[in-house]
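Trainee: Please take a close look at a single part of this model with me, and give the cut-offs behind each term as you go.

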Amino acid sequence: MNYIFETPIDTARAVATIILQSAKSKVELSLPFNIALSGGSTPKQLFTIMVSEFSDSIPWHCVRVFWVDERCVSATDTESNYGMTYENLLVKVPIPKSNIFRIRGENSPDVETKRYQRLLENELPSSNGFPQFDLVLLGMGDDGHTASIFPNNKGLIHPEESVAVAEHPTSGQKRITLTGSTIEQANHVIFLITGNSKANVLREIIHGELNCENYPAFHFINNNKTVDLYLDKCAASQI
Ligand code: 6PG
């Protein structure tokens, strides 16, 4: 389903509401709520809303935070997805430190990929042989990438591995990412996409235009019944 909102803040608020409702439903089952977060700039607004309007109602003791991907940098590097999440969310809410499972970007990529893969196997239920999250929050780059699955590396969409090393196509920066095989096993996937810069690619993907399969995000948005898009008016302006 596509949900379209007037502003990025309204869009973020709607996603925060889903996170609250999903976490509460797991608490009622006395189960943890396992969420994987993406990096980039869009989630910052979500985190701001979660702190300012939802901090007292989200059952943080049962929320376990993982990452969709991480840049291979230290946690204090300005590029770090964990660092961004820590500054904008984790340090401002009462989530137990034991509920935070960061990808260690400072480690050797191959070593950390195997460590994170084992961690997910130990910490999460399994579905079709892959770790299963309750919710995976994805963004989309204006080149149609999602997670750290870039157009030049579509082999990460349905591989045998659950976690893999990726490389940014222009900067060459190494990244560690969930593969599409893991993302697709999630109970729920939410794309949070805002801004005019995403409108063209989103139209091509939603309308199945020529070459849309070159965009990794296409393979999740159109091929999966557990995927919802939360869009602001600008990002949705051409669909
Ligand atoms: C990352 C993210 C990436 C992000 C998109 C959108 O590590 O950068 O996981 O997949 O979601 O690049 O980024 P923006 O939210 O900054 O547009």
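**Cysteines and the ligand site**

Mentor: Cys212 counts as buried because its relative accessibility is 6%, where buried means under 20% relative accessible area, exposed over 50%, and partly exposed in between (1.4 Å probe, protein chains only). Cys72, at 21%, therefore counts as partly exposed. This is a predicted model, in which local features need pLDDT of at least 70 and side-chain atom pairs count only at pLDDT 80 or more, while totals for chains, interfaces and linings use all residues. Residues are numbered from 1 along each chain as its sequence is written, and side-chain values use heavy atoms, with hydrogens and water left out. The count of disulfides (pairs of cysteine sulfur atoms within 2.5 Å) is zero.

Among the polar contacts (N or O pairs within 3.5 Å), a polar side-chain atom of Thr42 lies 2.6 Å from a ligand oxygen, a polar side-chain atom of Arg71 lies 2.7 Å from a ligand oxygen, and a side-chain N or O atom of His145 is 2.7 Å from an oxygen atom of the ligand. Taken alone, the ligand exposes 410 Å², of which the protein buries 89%, with areas from the Shrake-Rupley method and a 1.4 Å probe.

Technical notes
A polar contact is a pair of N or O atoms within 3.5 Å; within protein, one must be able to donate a hydrogen and the other to accept it, and residues adjacent in sequence count only if both atoms are side-chain atoms.
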